[in-house]
Amino acid sequence: MVDISRRAVVGLLGLGVAGTAISWPRLTGRDIPGRGDDALTVALFGTQQDAAARQALVEGFQKKHPDVAVRIVAIQGQDWSEYFAKILTMIAAGSPPDVVTVATEGTQLFASRLAHPIDEYVQRDADEMQEYFDDVHPALIESFMYKGSLFQLPDNFNAANVFYNTTALERSGFERPADDWSLEDFFSVARGMKSGADGRFLPYFWNNRLWGGVVPWLYVNKTSFLTEEKASGGDWFWNRFYPSEAPRGGGYLWERADALNDRAVESFEVLQQMVSEGIAANPAQGGGNELVALFSSGQVGMTPAGGFWVKGLHDAGVANDDYDVTFFPRMAGQRHQFGAGGYAIMQTSERKDEAWEWLKYCVSMEGMAIAHPQPDSSLPRRSLNTKLYGAGTGPAHWQVFYDTLDKFPDTGPMPAPPQQAAVESALIKNVVGAITNGPGGVRRGLENMQRDLELALKGR
Amino acid sequence: MSTTSSTQAPAASDSVARSGATRRPRLLISLFLAPTVIGLALFSFLPIVASVVLAFFRWDIITSPEFVGLDNFARLASNPTVRVSFLNTIGFVATAVVVQLAVALLLAILVQSKMPNWLRTFFRSTLFFPLILSAASVSLIMAYLFNQEFGLVNEVLGWIGIAKVGWLTTGFGAKVVVLLVYVWQNFGFTFLLFIGGIAAIPKEVYEAASIDGATGWKQFWQLTLPLISPTMLVASVMAIINALQIFDQPWVLTRGGPGDETRTAVMVIYESAFRQLDFGGASAIGVVLTLLIMLVTAIQFQLSKRFVFYG
């Protein structure tokens, strides 16, 4: 072994200590831009590019509030559950953001544990807020109420509508479906599309997930896999801001599993029939990216999607007249599902007043227009939605996006209780089994789903 | 005689140990080992201890932990998903490890057989290559390939008249795909271990066996296999430990489905902790899985006394 003197060892130690001291900001993460700054921290679900795209929004906000520094933190994840989990780890690590973007999937989780109700702020700035509420459908606001309190202001939403390939429809000899088309009409169109296409074509493609999966087929049949109830309270809001509307209550409650009701069984049997007939895909788990590629290449006839798809299809080079959008077909009813997104203020935030100003700015005409320069989502403000989709990018019947709320006023958010992640897992886990084991397998699959949902809702 | 030497030897070594000449290398060794030891303590040992402690608490990150004794373990035993996930994991390990070792050994023997050096290098590289790919990326691509409606695999099968197979939507199909993807991606390391083991066998042994009339098959069973048995032990221990922790492939390919058909123990740990915020329950599953790994490894080492030949 090389003989190293004591002096050399001490020297090495000294070098080590000096190196550690020099790299201390890196080791502790203090050199990360913005960390430790006195700024309003806004966490959003997306990439660094998404964060950069919000810079115009930050600049617009700072023109009104030059004394408030804003730091956008982008959090990437495969789905909303992963995003929420990362927010929770930020809280555990002692660096919670002040404001977070939350979609319907996490609204009740955040409302029940992490978010600060905005009731006082809304009432304090009622005159200012009235202009926003006048422009927004109440169903969207109701979806952000929890047990009588309001937690978010919607700044985007997407209802599950049916996007269809116009060439495939024309090839099948059908006209554009009527707004109130029936399930039988849907089957006729799908069968027509299939008979006129080659083997790699599927009339109806869908993914196994909460948004746009099996839920639309439950909702149009006036049912769900959870019992839907309304919480009491909320009059303070409805009476003040929507005086001409019947009060809608204090928000949705989904506390009991209901996967075995007759209508749920019927909806699953419909899907089972579609899959066994070969007019619908056996759904794989996944997001929309795969779907955009399949749809844009003409391999898919119809699929559930929302306004967010317009930009995706445009980017993929799909011409406006290559596709169109319509409502989901009618079964017992024609209720649709939607998901909305907005910002929530964290309970732990020490900048709640500033956070409220951020929320207000993001739903203002100016803020919402800056945040959504292209048709990447339906906008809760009617006026802006019309401006966005009426500008020439998108399907001919883009009015369907907002009409879903206006024409079917019972349209509501997808079921997402505070235990949403466990509930979603229980749903997704049992869908494929319920629809692929023949007509007799539907009830067996739903029995398993009922058991798993009861476990999920019971909590731990 | 023995008395003298036994009393003198320690005294002599003590005096040497106290000398500066011996202390310095020890100090230096400690110094160089310190970062690793500290790293292991902070990032491996401490989390293990923490998760064992956490297994006795109810904790959702947001509220304070609450001591619940063995409640988390009791919930484990009564949760059908946890039971199924452990059975799936054990079933997966049993098949994956056998297939992985067999494929790796077969290919290692083939690559070590007579062939030009450049070809050998080519095979070594290409067979090892899948290991350096990200499991998530590979699984994502495989999910496209095995898609029932639009996947390339069903397309090719269609050319020879085979109807579309629900690779990821039927229990058997999903298990086969997960197994295939996992083995393809992981046999490379085992393959390299076997190449090293086979290369270390002296040629003279085979020459002597040939002179005694042993054929290639006999040489394999009676020479190659016994002489690489230590390598086989290491390879199987590592393969089993890795396979018991399978997560990426079934998570990306099937999310555990259809139903619970491909749900594994580590997936349930992840889902419990990060989707259901049940960190106590997740830790309890982790503890049970760790004990299972330790038990299996101990059994392997016990059995190795009978089957491993150290020359």
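With which residue does Lys360(A) form a salt bridge? In this predicted model, the partner is Glu357(A), and the closest N and O atoms of the pair are 3.4 Å apart. That distance falls inside the 4 Å limit for a salt bridge. Both residues belong to helix 17 of chain A, which spans residues 352-363. Because they are three residues apart in that helix, about one helical turn separates Lys360(A) from Glu357(A). Side chains of opposite charge can pair when their charged atoms come close. Over all chains, the structure holds 32 salt bridges.

The interface of chain A and chain B was examined next. Chain B and chain A bury about 3,500 Å² between them. Carbon and sulfur atoms account for 60% of this area. Three residues of chain B stand out here: Arg24(B), Phe150(B) and Arg275(B). Together they supply 21% of the area that chain B buries against chain A, more than any other three residues. In residue terms, chain A gives 41 residues to the contact and chain B gives 34.

Polar pairing also occurs across the interface. The rule finds three salt bridges between chain B and chain A. In a salt bridge between the two chains, the side chain of Asp260(B) meets that of Lys429(A), with an N to O distance of 3.0 Å. Six residue pairs, both members at pLDDT 80 or more, are in polar contact across the interface of chain B and chain A. On the chain B side, the elements giving two or more residues are helix 2 (20-54), helix 4 (80-112) and helix 13 (265-275). Helix 2 of chain B provides the largest share, seven residues. By class, the side of chain B that touches chain A has 16 nonpolar, twelve charged and six polar residues.

Within chain A, one helix pair was characterised. Helix 14 (residues 262-277) packs against helix 21 (residues 420-436) of chain A at an angle of about 65°. The axes of these two helices are 8 Å apart. The crossing of helix 14 and helix 21 of chain A is right-handed. Helix 14 of chain A makes the contact through Phe268(A), Leu271(A), Gln272(A) and Val275(A). Helix 21 of chain A contributes Val431(A), Ala434(A) and Ile435(A). Six of the residues in this contact of helix 14 with helix 21 of chain A are nonpolar, one is polar and none is charged.

Backbone geometry was considered last. Most residues other than glycine have a negative phi, and most peptide bonds are trans. Lys147(A) is not a glycine, yet has a positive phi of about 50°. Lys147(A) sits in the loop between strand 5 (145-146) and strand 6 (149-150) of chain A. In chain B, Leu277(B) likewise is not a glycine and has a positive phi, of about 55°. The loop holding Leu277(B) runs between helix 13 and helix 14 (279-307) of chain B. The peptide bond from Gly257(B) to Pro258(B) is cis, with omega near -5°. Pro258(B) lies in the loop that links helix 12 (248-253) and helix 13 of chain B.

Methods. Residues numbered from 1 in each chain as written. Chains lettered and ligands numbered in written order. Predicted model: local features only at pLDDT ≥ 70, side-chain atom pairs only at ≥ 80, totals over all residues. Heavy atoms only, no water. Axes fitted to C-alpha atoms, helices over the stretch in contact; angles between N-to-C directions. Helix = DSSP H or I, 4+ residues; strand = E, 2+ residues; numbered from the N terminus. Left-handed = near helix turned anticlockwise from the far one by under 90°. Contact = heavy atoms within 4.5 Å. Nonpolar A, V, L, I, M, F, W, Y, C, P; charged D, E, K, R; others polar. Buried area = accessible area lost by both parts, 1.4 Å probe. Polar contact = N/O pair within 3.5 Å; in protein donor to acceptor, adjacent residues only side chain to side chain.
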